Amino acid sequence: MKINPIGFVSVSVGERRLFPLYLSRVAAGFPSPADDYLDGGLDLNEHLIAHPAATYFARAEGDSMIELGIFSDDLLIIDRAAQAVDGDVVVVAIDGLLTIKVLDLAHSRLLPANKLYRPIEISAESQVDIEGVVLHAVHHLRAGGRGACL
Amino acid sequence: MRSFYCSCEKVFRPDIRDQGVVVTSNNDGVVVALDDKAKAAGIKKFEPYFKQRELIERAGVLAFSSNYELYGEVSGRIMATLAELVPNGIEVYSIDECFVDFSAVPRAELKAFAAMLRDSIWQQQGIKMGVSIAPTKTLAKLGQSAVKQYAQLEGVCVLEQAHQWQWLGARVDVSEVWGIGRKLTAKLKARALRTAGDLALMSQADARALQGVTLVRTVRELQGEPCIDIDSQPQPKQNIISSRSFGQKQTGLKPLQEAVSHYAVRAGVKLRAQSSLCFRLSAWIQTSVHDAQPYADELSVSLPGGTADSRVLSRTAVALVAKLYRPGYRYAKAGVALHDIRPERFAQCDLLAPRPENSARLMGVMDGVNQRFGSGAIMLARQGGEAGFAMKRAMKSPSYLTRWQEIPRIRLG
């Protein structure tokens with residue numbers, strides 16, 4: 001079995017932050033009394049992405065992971081700098097094909113999250129590369145599809 | 001990074017990682033990048049693609065049109081990752097090369113540190129990077145030849161002592177030395193200086209007589225004496241050029257104007273990214289030099305007070321092209337260049353050329369939206385569509401990292 005783990009080194013690169021926008025114009029008049037209490041905006045990037053330079057997005061296709069809440073067409077946020085550990089949902093390249101499964105190194109297996117699918121045994125000769133840890137699946141709920149929303 | 005463009009094509013394609021890959025130029029004219037497997041198949045860099053197409057297909061080598069959106073993004077991510085990992089910042093030298101100051105790393109740890117950098121980039125970016133450490137930039141570049149040549153180095157070459165770079169220098173052709181071009185190579189070889197090691201032994205007086213102080217510097221650097229500093233704070237560019245060949249030859253004025261408008265806007269983005277203003281703009285149009293009736297001309301105009309406003313740049317470029325245009329020619333290429341670039345703080349007030357109102361704010365919004373939704377999300381009406389002048393990139397891979405519509409799709413099963 002050959003498994004190449006990723007993420008010996010954990011770095012944080014160029015975090016994107018929102019700077020506070022002042023509610024009132026600066027030039028004239030009284031400043032808004034609320035200016036002193038600004039927290040700054042909430043940045044979803046900050047919440048969802050630990051390593052911006054090592055993070056990529058992908059679209060899920062298929063139903064083998066629905067019991068963990070990954071549905072077809074969901075947007076996946078994948079971190080290549082995170083250290084993969086047993087139980088993580090990982091992107092793996094198995095013999096040249098990308099897929100997403102739960103890592104079960106203890107039993108040399110990759111587990112689906114759907115009773116209709118069987119675990120994938122990692123044989124001695126197959127080449128398995130971990131291509132990132134799936135940190136989040138963004139599932140859109142609006143009736144009538146995503147529309148302009150990604 | 002070796003065969004960087006080819007490696008980028010493989011990041012999201014594990015199915016092709018064992019295959020040879022070539023990348024073609026704008027309009028799929030020539031092969032501009034190839035990996036070892038493609039090279040072994042006899043494919044040549046800078047030779048026309050159509051002439052090599054049969055060979056490429058027969059060898060099972062995959063061809064891609066250049067995907068600069070992807071290469072640029074992967075490069076930016078690699079540089080950002082490196083900059084975080086090293087103590088003193090990096091000097092980005094090109095899309096796939098940078099210099100790093102290792103002086104803060106204890107000598108005994110250099111090799112392990114270099115290997116850690118290489119592993120990190122491989123794991124986080126999916127790109128194999130060669131790391132070469134030496135007392136001078138020129139020797140560090142020389143070390144990259146060793147990384148290429150000797151697989152047993154596993155991508156890391158540390159040149160600490162004179163006997164190490166002398167050994168290597170004797171085995172590297174002088175044409176591979178940093179800063180030695182084709183003409184200079186011929187001159188050096190005429191003097192029986194064939195290898196980097198030969199060049200290192202050249203006397204400073206001879207070097208100065210042949211090519212002036214730049215060659216003296218190269219010689220001294222090859223001897224291990226640092227002469228070229230690492231510049232981790234690059235100077236803003238003095239000129240910005242945006243120019244492309246057209247997908248198809250153009251005969252009318254309007255498509256030429258749309259093209260230069262597009263280039264002017266692209267140049268404007270770069271100008272604003274370095275917080276500068278430009279005080280002169282030039283535009284040119286040309287037919288192919290092989291045309292029965294060739295034509296090429298350029299005009300430039302000064303921009304009083306300086307500007308970084310895409311609307312002004314575009315309007316100016318379009319007006320210049322109207323003056324340059326002659327009917328009856330088949331135009332192959334057009335371009336825009338911004339000159340006399342200075343930092344924003346040198347902005348001058350010009351009563352005769354009032355600045356468009358809210359210019360900085362509007363341009364900020366435009367850049368922001370285009371960064372978020374892909375370049376071209378907001379355009380000036382003058383830029384027209386992407387039709388006639390857009391590049392032919394028939395074999396382009398998806399912009400996996402920069403366009404929502406093109407992010408990788410992963411089959412879960």
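## Where two chains meet

Modeller: Gladly! Let's begin with one pair of residues: B:Arg409 and A:Glu61 join their side chains in a salt bridge, with N and O 2.3 Å apart. Keep in mind that this is a predicted model.

Biologist: How many salt bridges are there between chain B and chain A?

Modeller: The count between these two chains is 3. Over all chains, a search of the whole structure finds 21.

Biologist: And how should I read the size of the contact between the chains?

Modeller: The general idea is that the size of an interface is often given as the accessible area lost when the parts come together. Here chain B and chain A bury about 2900 Å² between them, and carbon and sulfur atoms hold 59% of that. On the chain B side, the residues that lose the most area to chain A are B:Gln123, B:Ile410 and B:Leu412, which together make up 28% of what that side buries.

Biologist: How many residues does each chain bring to the contact?

Modeller: Chain A brings 40 residues and chain B brings 26.

## Salt bridges inside chain B

Biologist: Which residue of chain B forms a salt bridge with B:Arg107?

Modeller: B:Glu160 does, at 3.2 Å from N to O. B:Arg107 is exposed, at 56% relative accessible area, and B:Glu160 is partly exposed, at 30%.

Biologist: Is B:Asp309 buried or exposed?

Modeller: B:Asp309 is buried, with a relative accessible area of 0%. It forms a salt bridge with B:Arg311, and the closest N and O atoms are 2.8 Å apart. B:Arg311 itself counts as partly exposed, at 24% relative accessibility. Salt bridges can also share partners: A:Glu61, A:Asp73 and B:Arg409 are joined into one network in that way.

Biologist: What about B:Glu225, which residue is its partner in a salt bridge?

Modeller: B:Arg220, with 2.6 Å between the closest N and O atoms. B:Glu225 is partly exposed at 32% relative accessibility, and B:Arg220 is partly exposed too, with 25%.

## Strands in chain A

Biologist: Let's turn to chain A. In what order do its elements come?

Modeller: From the N terminus they run β-α-β-β-β-β-β-β-β, so to speak a list of 1 helix and 8 strands. Of the 150 residues in chain A, 40% are buried.

Biologist: How do I read the two faces of a strand?

Modeller: In a regular strand the side chains alternate between the two faces of the sheet. Take strand 3 of chain A, residues 75-79, where 5 of its 5 residues are buried. A:Leu75, A:Ile77 and A:Asp79 are on one side, A:Leu76 and A:Ile78 are on the other, and both faces are covered.

Biologist: Which strands pair with strand 3 of chain A?

Modeller: Strands of a sheet pair through backbone hydrogen bonds, either parallel or antiparallel. Strand 2 of chain A pairs with strand 3 in the antiparallel sense over 5 bridges, and A:Phe57 has A:Ile77 as its bridge partner there. Strand 8 of chain A also pairs with strand 3 in the antiparallel sense, again over 5 bridges. In that pairing A:Leu76 stands opposite A:Ala137.

## A sheet in chain B

Biologist: What is the strand order in the open sheet of chain B?

Modeller: Its 4 strands come in the order 8-11-9-10, with antiparallel pairing. Strand 8 and strand 10 of chain B stand at the edges with a single partner strand each, so one side of each has no neighbour in the sheet. From one strand to the next, the twist averages 15°.

Biologist: Which helix touches strand 8 of chain B as it packs on the sheet?

Modeller: Helix 12 of chain B, which also touches strand 9, strand 10 and strand 11; its direction makes about 155° with that of strand 8. Helix 13 of chain B lies across strand 9, strand 10 and strand 11, at about 30° to strand 9.

Biologist: And how many bridges join strand 8 to strand 11 of chain B?

Modeller: There are 7, and the two strands run antiparallel. B:Ile240 stands opposite B:Leu338 in strand 11.

Technical notes:
Residues are numbered from 1 along each chain as its sequence is written. Chains are lettered from A and ligands numbered from 1 in the order in which they are written. This is a predicted model: local features need pLDDT of at least 70, side-chain atom pairs count only at pLDDT 80 or more; totals for chains, interfaces and linings use all residues. Side-chain values use heavy atoms; hydrogens and water are left out. Buried means under 20% relative accessible area, exposed over 50%, partly exposed in between (1.4 Å probe, protein chains only). Two strands pair if DSSP finds at least two bridges between them. Axes are lines fitted to C-alpha atoms, for helices over the stretch in contact, and angles run from 0 to 180 degrees between N-to-C directions. Contact means heavy atoms within 4.5 Å. Buried area is the accessible area (1.4 Å probe) that two parts lose on being put together, summed over both. A salt bridge is a side-chain nitrogen of Lys or Arg within 4 Å of a carboxyl oxygen of Asp or Glu.
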